[in-house]
Structure formats: C-alpha cells, structure tokens
Amino acid sequence: MRAVIQKGKHASVTVDGQITGEIEKGLVVLLGVTHDDTEEDAKYVAEKIVNLRIFDDNQGKMNYSLKDIEGQVLSISQFTLYGDCRKGRRPNFMNAAKPEPAKELYETFNSLVRQQGVEVETGSFGEMMDVQLTNVGPVTLIIESDDR
C-alpha cells in the first residue's frame, strides 16, 4: 500500500460538480493499493498517518500528530500511484490492484483511521475526481507498507 500525504487546509474533492469530501485542517491522503496488500498493510499505513508528528508546535517544530491537533483526513483512492513509467511513454498500471479488492482495502483503511478518532472525508472510489488543496509548508510525504 502506498500513500502520498500532504499537510493541508481547505481541501476538497468534487465529483460531477458535487463536493463529496471537504476538510479544514489535516491531511490529504492519496492512497494506492497493489495486488498483495492486506488488512495488515492498511493497519500499518493508517496507524502511521494518524500518529506521524508533522504538525507544528508553539515553537514551529514538527512535534504534533493529526490526533494532537484534532485534524481531519481527506482520503482519495489513487490507483495511479502504482503507475510504472520506466518503459515507453505511457504508464503501465499492472501493479495496481483490481478495483474490487482495492476498494475493499481503501474502505478498510478509512475505517481504521476513523477507529482512531479521526474524522475522514472521502472522494468516490473509481470516479473522476477534482481535488483542491492548500498544501501547508509545503509538506508532502510518502508512506509505503513495504517499509515496515
């Protein structure tokens, strides 16, 4: 499982002109699922994201987690995170999981974040989405479940 996280404020996702998810402060999470991912991968990534200390304390040091600041997550499924651009000019998405298991693990991830007391807003799985974000810092990090 691969997550690109961005510290943000005023982030939203729109599908067919309708806002499906919106946060004021927290993290925008672009989440990709590959073939061999399991619930354990989702647990690892969810726990890491919720507890990662990347929000500023009173001295401006990254010392607070999402839970500490009572932040929110805007979670967006993103199969293109597993795009392989090494050969040719068109990305190969063979490493991305098929839609059914990917959706199940995406929903599991969102549920696991919610179980830790964090509000989760979402896009619409498998739909064309417009994402708007004010990236604070900017702070953008990549978390991979293979790194555990």
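Start by selecting H10, which sits in strand 1. H10 counts as partly exposed, at 49% relative accessibility; buried means under 20% relative accessible area, exposed means over 50%, and partly exposed lies in between (1.4 Å probe, protein chains only). Strands here are DSSP runs of E with at least two residues and helices are runs of H or I with at least four, both numbered from the N terminus. Now look at the backbone: phi of H10 is near 50°, a positive value in a residue other than glycine. Most residues other than glycine have a negative phi, and most peptide bonds are trans.

Before you click on, bear in mind that this is a predicted model, in which local features need pLDDT of at least 70 and side-chain atom pairs count only at pLDDT 80 or more, while totals for chains, interfaces and linings use all residues. Residues are numbered from 1 along each chain as its sequence is written, and side-chain values use heavy atoms, with hydrogens and water left out.

Select D16, in the loop between strand 1 and strand 2. D16 also has a positive phi, near 50°, and is a residue other than glycine. Is D16 buried or exposed? D16 is exposed, with a relative accessible area of 73%.

Then jump to G137 and P138, which are joined by a cis peptide bond with omega about -5°. P138 belongs to strand 7.

**Stop three: salt bridges**

How many salt bridges does the structure hold? There are 5, each counted when a side-chain nitrogen of Lys or Arg is within 4 Å of a carboxyl oxygen of Asp or Glu. Three of them are on this tour.

Show the side chains of R2 and E144, which meet in a salt bridge at 3.1 Å, N to O. This pair links distant parts of the chain, with R2 in strand 1 and E144 in strand 7, 142 residues apart. E144 is partly exposed at 22% relative accessibility, and R2 is partly exposed at 22% too.

Next, pick K7 and D56, whose side chains form a salt bridge at 3.9 Å, N to O. K7 lies in strand 1 and D56 in strand 3 (residues 55-56), so the pair ties together parts that are 49 residues apart in sequence.

For a local pair, go to E40 and K43, with a salt bridge of 3.4 Å, N to O, between their side chains. Both residues lie in helix 1, 3 residues apart, about one turn of the helix. K43 is partly exposed at 36% relative accessible area, and E40 is partly exposed at 43%.

**Stop four: a negative patch**

Which residues form the negative surface patch? Select E39, E100, E104 and E107 together. Patch residues have over 30% relative accessible area and no salt bridge, with like charges joined within 9 Å (for nonpolar side chains, Val, Leu, Ile, Met, Phe, Trp and Tyr, the limit is 5 Å). Helix 2 (residues 99-115) brings the largest share of the patch, 3 residues.

E39 lies in helix 1 (residues 39-51) and is partly exposed, with a relative accessible area of 42%. E107 is in helix 2 and counts as partly exposed at 43%. While E107 is selected, draw a distance to T122: the C-alpha atoms are separated by 9.6 Å, and the two residues are 15 apart along the chain.

**Stop five: inside**

In soluble globular proteins, nonpolar side chains tend to be buried together. Highlight V29, I49 and F109, which touch the most other members among the 28 residues of the largest nonpolar core. Such a core is a set of buried Ala, Val, Leu, Ile, Met, Phe, Trp, Tyr and Cys residues joined through side-chain atoms within 4.5 Å. The elements giving two or more residues to this core are strand 1 (2-15), strand 2 (18-32), helix 1, helix 2 and strand 7 (130-144). Helix 2 gives the most, with 6 residues.

Finish at V28, in strand 2. V28 is buried, with a relative accessible area of 1%.

Note on methods: Areas by Shrake-Rupley, 256 points an atom, 1.4 Å probe, with all protein chains shown as cover. Lys, Arg positive; Asp, Glu negative; His and termini not counted. Charge placed at Lys NZ, Arg CZ, Asp CG, Glu CD.
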